[in-house]
Amino acid sequence: MAKVEWSAGIDTVSGALSKPSKSGQHSCTKMLLGTHRVAETTSNRCNRIFLRRKVERSTPVTAKELAHREKFGTIASAVNARRKDLSKIAADQEAFMAQRDTAGGKKTMRSYLFSLEKKAYEDAHNG
């Protein structure tokens, strides 16, 4: 979703202002993307607008790609279920806080849970 900050004029624009739909109905054929870069530079006027045509895939989906999609979907579902499991929330939060500031520690709770569920998935399917 696009983010626009209004004042006397438009100060910043960030995000997709219009997207081509998958079905192709009631939508534009190009993507209009606005970006606003917030960085320490000599100029604070770092707004850009990009147009991108709709891209059609030229190669068929491979079996390896389908396997990766299935693995990611399975792990993501397990993470979402674990985030809602009341019996694991307290232990997961404590373990996350303990590893967060260590070398190689995950910086967000979601990435931490994803790493746990990925390891569990790989142990179950590769061992």
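Predicted model: local features only at pLDDT ≥ 70, side-chain atom pairs only at ≥ 80, totals over all residues.
Local features here need pLDDT of at least 70 and side-chain atom pairs count only at pLDDT 80 or more, while totals for chains, interfaces and linings use all residues. Residues are numbered from 1 along each chain as its sequence is written, and side-chain values use heavy atoms, with hydrogens and water left out.

**View 1. Asp-92 and its contacts.** Asp-92 sits in helix H2, which covers residues 86-100. (Helices are DSSP runs of H or I with at least four residues, numbered from the N terminus.) With a relative accessibility of 6%, Asp-92 counts as buried; the cut-offs are under 20% relative accessible area for buried, over 50% for exposed, and partly exposed in between, using a 1.4 Å probe and protein chains only. Who does Asp-92 touch, leaving aside its neighbours within four places in sequence? The list is Arg-82, Met-109, Tyr-112, Leu-113 and Leu-116, where contact means heavy atoms within 4.5 Å.

**View 2. The salt bridge between Glu-117 and Arg-82.** Arg-82, one of the contacts of Asp-92, turns up again here as the partner of Glu-117, with 3.0 Å between the closest N and O atoms. Glu-117 belongs to helix H3 (residues 109-126) and Arg-82 to helix H1, so this pair ties together parts that are 35 residues apart in sequence. Are these two buried or exposed? Both Glu-117 and Arg-82 are buried. For the record, a salt bridge means a side-chain nitrogen of Lys or Arg within 4 Å of a carboxyl oxygen of Asp or Glu, and the structure holds 7 of them.

**View 3. Lys-119 paired with Asp-123.** Staying in helix H3, Lys-119 and Asp-123 are 4 residues apart, about one turn of the helix. Their closest N and O atoms are 3.1 Å apart. Lys-119 counts as exposed at 52% relative accessibility, whereas Asp-123, at 48%, counts as partly exposed.

**View 4. Glu-65 and Arg-69, with Arg-57 joining in.** Helix H1 (residues 63-84) holds both Glu-65 and Arg-69, again 4 residues apart and about one turn of the helix. The salt bridge between them has its closest N and O atoms 3.2 Å apart. Glu-65 is partly exposed, with a relative accessible area of 25%, and Arg-69 is partly exposed too, at 47%. Which residues make up the network here? Salt bridges with shared partners link Arg-57, Glu-65 and Arg-69 into one network.

Key:
Helix = DSSP H or I, 4+ residues; strand = E, 2+ residues; numbered from the N terminus.
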